[in-house]
Amino acid sequence: MSARDEILGRIRAALRDVPATETPADIAVDRPAPAAASPADVDTFVERVADYRARVVRCTPDELAAHIAAECTGRVLVPADLPTELWPAGAVPDHALPVTELDDVDAVLTTAALGIAETGTIVLDHDPGQGRRAATLVPDRHVCIVRADQVVPDVPSAIAKLDPTRPQTWISGPSATSDIELDRVEGVHGPRNLVVLLLG
Amino acid sequence: MSRTFLGTPAFPEAARSALANTQLRRNLAHATSTIRAKRAAVVGEVAEWERLRRAGAALKDRTLRHLDTYLQQLEESLTRAGATVHWARDAAEANRIVVDVARRHGTDEVVKVKSMVTAEIGLNDALAAAGITAWETDLAELIVQLGDDLPSHILVPAIHRNRSEVREIFLREMGRYGRPAPADLSDVPAELAAAARAHLREKFLRSRVAVSGANFAVAETGTLAVVESEGNGRMCLTLPEVLISVVGIEKLVPTWADLEVFLQLLPRSSTGERMNPYTSLWTGVTPGDGPQEVHVVLLDNGRTQVLADEVGRQALRCIRCSACLNVCPVYERTGGHSYGSVYPGPIGAILTPMLRGVGADAQVDSLPYASSLCGACFEVCPVRIDIPEVLVHLRAEVVDSHRGHPSAQNAAMAAAAWTLGDARRTSVAERVACAVGKLLRRTRRRAPGGRATLGALPGPAARWADARDVPIPAPESFRAWWARTDGGRTEQQ
Amino acid sequence: MAVGLLVTCLNDVLYPETGKAVVTLLRRLGVEVTFPAGQTCCGQPMVNTGYLDEAVPLVRRHVEAFAGCEAIVVPSGSCAGSVRHQHRIVARRSGDPGLVRAVEESPPVYELSEYLVDVLGVVDVGAYFPHRVTYHPTCHSLRMLGVGDRPLALLRAVRGLTLCELPAAQECCGFGGTFAVKNPDTSVAMGADKARHVRESGAEVLVAGDNSCLTHIGGLLSRQRAGVRVMHIAEVLAATETPAALADPAAEVAR
């Protein structure tokens, strides 16, 4: 018998007490509904991102270019499909660069899929403008542009908007560890600096 | 370079040595009190926490009661998304599958994301036997691996080490396996983390095969989730060409939407954060992004045995947050190694005996008794596993497996049950105790408040009297007093 | 009203003063108390050690003894928890449908503070106790029964009593029934921390709702010559300005 059939057989034997007529829907799940969106969400988002010791800069569309220039110095990786008007001086477009070259840039600039206010999280689903997963991982500084209208109140609202077939990276602050005496330290393998440019 | 839990003595003896380790006691008390306070603060922020917990428990129950259906659905969705699905009845079969994939790619090393399940099956040893080195990349796992140590906590396997011990391990060992630690390394946690970053970076950038576990596997979509903090997980899940994820069959959730409940419960319960720094979600293979060869090994290794236990089944709801360890007064004092298993603490005390079976091994049989049944674990469990209930249930299984064998405990319990099974016999026993009490009370030392106490006692009673004064039975039992005075109504003033 | 007092096996032989205090207190509040003579032990020590078969005759004895009572009052959180939660498990295990039914039909059981606050609706029971007191919430009263701050509310209403805060109050003292004997070193390590917190509280009397835990903590404090005595909450609540008929204030208050 294959391992698959044997395991499934063991499971069925183990669940003999479950009535044959029971369906998954018979087990009621009562969960809190997603919160309604509120104008305060953006403020909460800003406050909670900052709580993780990420830098948050709020700006208008007119100010964006100046802030990009200020935050993105040196050699800055950009997804090749990031709108070119956002490219800083010294932009290095990511045409499937080998990882060792990703390790050589100073920063990476991307957009995001959405932001979650309650948890101060930015979510990348690696659509155009957000780069492949390695691009926002290997460089030591990640500058991420989030539009105010992309901020949702909570985790259930985010899950409802996201497409599970896309790879996703949920980011809450810079890389961190609490592995030594449960003392939180920012900056391990992922970018040690996270800057969120909140637009609008 | 790998030690095992084999040969750990039964819990009371293992605990005795751990309790004498003052450094360990201090490290654990500090770490667990820190995390307890963090958890309490972020859980307190969520108005509907109790409702979320109930939702988490119900979703896991739904999955477990229909696990065969959901596993087949997961297999289908994964296959559709370009992943290869393997099934493993036990540790040996899972290890063989991973070794075979790694060998096929001709590699002599893999990078690993911290995962409980690969520790459970002893994957690193199996890989080593095949000439393949497994690099642990989680900071705490790295500390354990470099220190030739054993994990002692689900979330923070090196919780028993403090900063100066970590510094010493890094200085001594890193150079033997790659980039050495800077010679002037201090014991500041940020510097230690930086040393780990530098040491592991070359391994991340060159490794072609990675091994992970998964926190969740979504049956509906074939999406796997890894929840982490450092970015070592992202490195392993993203940079290598081949990714092998070993997933216990209890890790399933039915739908994508169900993740919303667990992504709220887990970080707050685990690291005491609103959200952990990084969560990676991937569904099979994404062309041009990340590993182009994705394997998922679905592992039983005793889980179906747990599933068959109607009371114990709830242990399979566990999402490995470790909140129960952090609040457990026993764990806080004895540490994780005393449990002799990769799953320590309250959850380990129920999971290990069920995965391995009771009645065969004195160490395993001692685990359900490694608890004062204080209930703090149940109170914090994000999926409402009634750990005390399962502990008591497993104690009964242990006792039942030893019925018919003469033992002091069996005899004592039988005698107590016989005496207390009848009020008349109870009353006779009480009269004897009170008479002895009367005899003794004149000569014995007084406790604060004036009560006479017994001194040192012989035999098994010494375990109590070694550290505690023992009150002498009252001169007259309540029962005798009630009968004599008609419930106090005829008592002389 | 006629309530049955489940005095508990431990109190019966070691701490009859606690039982007498419950009688004094309830009578003072106008409650008629009976002591069903058929009672012995709720069976918790057997159940918690894994001896379910051995607990069957005890559960049978319990339901027979208390049949016909309006309610059961017990000065112990853990015995109340055992009757409330474990008796049905034991009855099911016995395979005797009569016992299962008898357990289901058994009168409601209340830990003393639950009975006072929830059933009688009193917080001020007219007690007087001019001492510095700290309160240890025992695990089973706190987490299994959920008595919350009922005992504290009762203590705050006692005239003359100064309530001292107990650091890390909600942490287990390490008694745990047979745990204390099967894992003596861990039990004492936990108890040592509890005793340290009690000393730090600055109290002269440690009060709790379970004499089992107090035997453990009090035994440690006594061995340390700590100068803190332990008392069941019933005895504090029974105390008044005039020494009660049933109380013997000179002795037998320490565990």
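**Figure 1. Strand 10 of chain B and its bridge partners.** In this predicted model, B:G248 has B:L299 as its bridge partner in strand 10 of chain B. Strand 7 (residues 242–248) of chain B runs parallel to strand 10 of chain B, with seven bridges between them. Strand 1 (residues 84–88) of chain B also pairs with strand 10 of chain B in the parallel sense, over five bridges. Here B:W87 lies opposite B:L298 of strand 10.

**Figure 2. Burial of strand 10 of chain B.** Why is strand 10 (residues 293–299) of chain B largely enclosed by the rest of the structure? Six of its seven residues are buried, so the strand is largely enclosed. Buried here means under 20% relative accessible area.

**Figure 3. The interface of chain C and chain B.** Chain C brings 72 residues to the contact, and chain B brings 72 residues. Together the two chains bury about 6,100 Å², with 57% of that area on carbon and sulfur atoms. Which three residues supply more of the area that chain C buries against chain B than any other three? They are C:D12, C:Y51 and C:R223, and they supply 11% of it.

Figure 4. Nine salt bridges are counted between the two chains. One joins C:D193 to B:R333, whose closest N and O atoms are 2.7 Å apart. Helix 11 (residues 184–201) of chain C gives the most to the side of chain C that touches chain B, namely eight residues. By class, that side of chain C holds 36 nonpolar, 19 polar and 17 charged residues.

Figure 5. A:V185 sits in strand 11 (residues 185–186) of chain A. Is A:V185 buried or exposed? Its relative accessible area is 9%, so A:V185 is buried; the cut-off for buried is under 20%. Leaving out residues up to four places away in sequence, A:V185 touches residues of chain A and chain B. From chain A come A:S175, A:A176 and A:T177. From chain B come B:P189, B:A190 and B:A193. A:V185 and A:E71 are separated by 114 residues in sequence and by 23 Å in space, C-alpha to C-alpha.

How values were computed: Residues numbered from 1 in each chain as written. Chains lettered and ligands numbered in written order. Predicted model: local features only at pLDDT ≥ 70, side-chain atom pairs only at ≥ 80, totals over all residues. Heavy atoms only, no water. Contact = heavy atoms within 4.5 Å. Buried area = accessible area lost by both parts, 1.4 Å probe. Salt bridge = Lys/Arg side-chain N within 4 Å of Asp/Glu carboxyl O. Helix = DSSP H or I, 4+ residues; strand = E, 2+ residues; numbered from the N terminus. Nonpolar A, V, L, I, M, F, W, Y, C, P; charged D, E, K, R; others polar. Buried < 20%, exposed > 50% of the residue type's maximum accessible area, 1.4 Å probe, protein only. Pairing = 2+ DSSP bridges.
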